[in-house]
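Subject: Structure handover

Hello,

Here is the structure I promised to pass on. Please have a look at it first, then read my notes below.

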Amino acid sequence: MVGGWSVYMILTSDGSLYTGISTDVPRRFLQHQNGRGAKYFHSKRRPEQIVYCEPNHDRSSASRREAAIKKLPRREKLRLADTFSDSPPPDHSRIKNDDY
């Protein structure tokens, strides 16, 4: 079933990748930037760039896909980010290379 939910990844100021789901990714990104929502961004870590977005999910499939992406090794998450064509490629020099 096609729905209005998307799975997204955000590159953060400390080089980590955050994965979440939303019905409006740009709005959710702004919420993250303003410190609302995920506790992941309540410390000094700041969202910098949406590096991946996978649309056309229903709530259930988006949640399952989010869980699957969170289990991926970092190098696989970076490969996903490289496939995202709606923005410039992520600056891999800012991403921690723990899994390389």
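I start with helix 2, whose buried residues pack against strand 1 (5-12), strand 2 (17-22), strand 3 (47-57) and helix 3 (74-83). Packing here rests on contact, meaning heavy atoms within 4.5 Å. Helices (H or I, at least four residues) and strands (E, at least two) are DSSP runs, numbered from the N terminus.

Two notes on the source. This is a predicted model: local features need pLDDT of at least 70, side-chain atom pairs count only at pLDDT 80 or more, and totals for chains, interfaces and linings use all residues. Residues are numbered from 1 along each chain as its sequence is written, and side-chain values use heavy atoms, with hydrogens and water left out.

Helix 2

The buried residues of helix 2 are Ser61, Ala62, Glu66 and Ile69. Buried means under 20% relative accessible area, exposed over 50%, and partly exposed in between (1.4 Å probe, protein chains only). Seen down the axis of helix 2, the buried residues fall within an arc of 140 degrees, so they line one face. The arc is that of the directions from the helix axis to the C-beta atoms. Arg64 and Lys71 are exposed, on the face turned away from the buried side. Asp58 caps the N-terminal end of helix 2: one of its side-chain oxygens lies 3.1 Å from the backbone nitrogen of Ser60.

Helix 1

In helix 1 (residues 25-33), the buried residues are Val25, Arg28, Phe29, Gln31 and His32. They cover an arc of only 160 degrees around the axis, which puts them on the same side of helix 1. They pack against strand 1, strand 2 and strand 3. At the start of helix 1, a side-chain oxygen of Asp24 comes within 3.2 Å of the backbone nitrogen of Arg27.

The strands

Strand 1 and strand 2 run antiparallel, joined by six bridges. Two strands pair if DSSP finds at least two bridges between them. Ser6 has Ser22 of strand 2 as its bridge partner. Is strand 2 mostly covered or mostly open? It is mostly covered: six of its six residues are buried.

Glu54 lies in strand 3. Glu54 is buried, with a relative accessible area of 15%. Its side chain makes a polar contact with the side chain of Arg65 (3.0 Å). A polar contact is a pair of N or O atoms within 3.5 Å; within protein, one must be able to donate a hydrogen and the other to accept it, and residues adjacent in sequence count only if both atoms are side-chain atoms.

Best wishes
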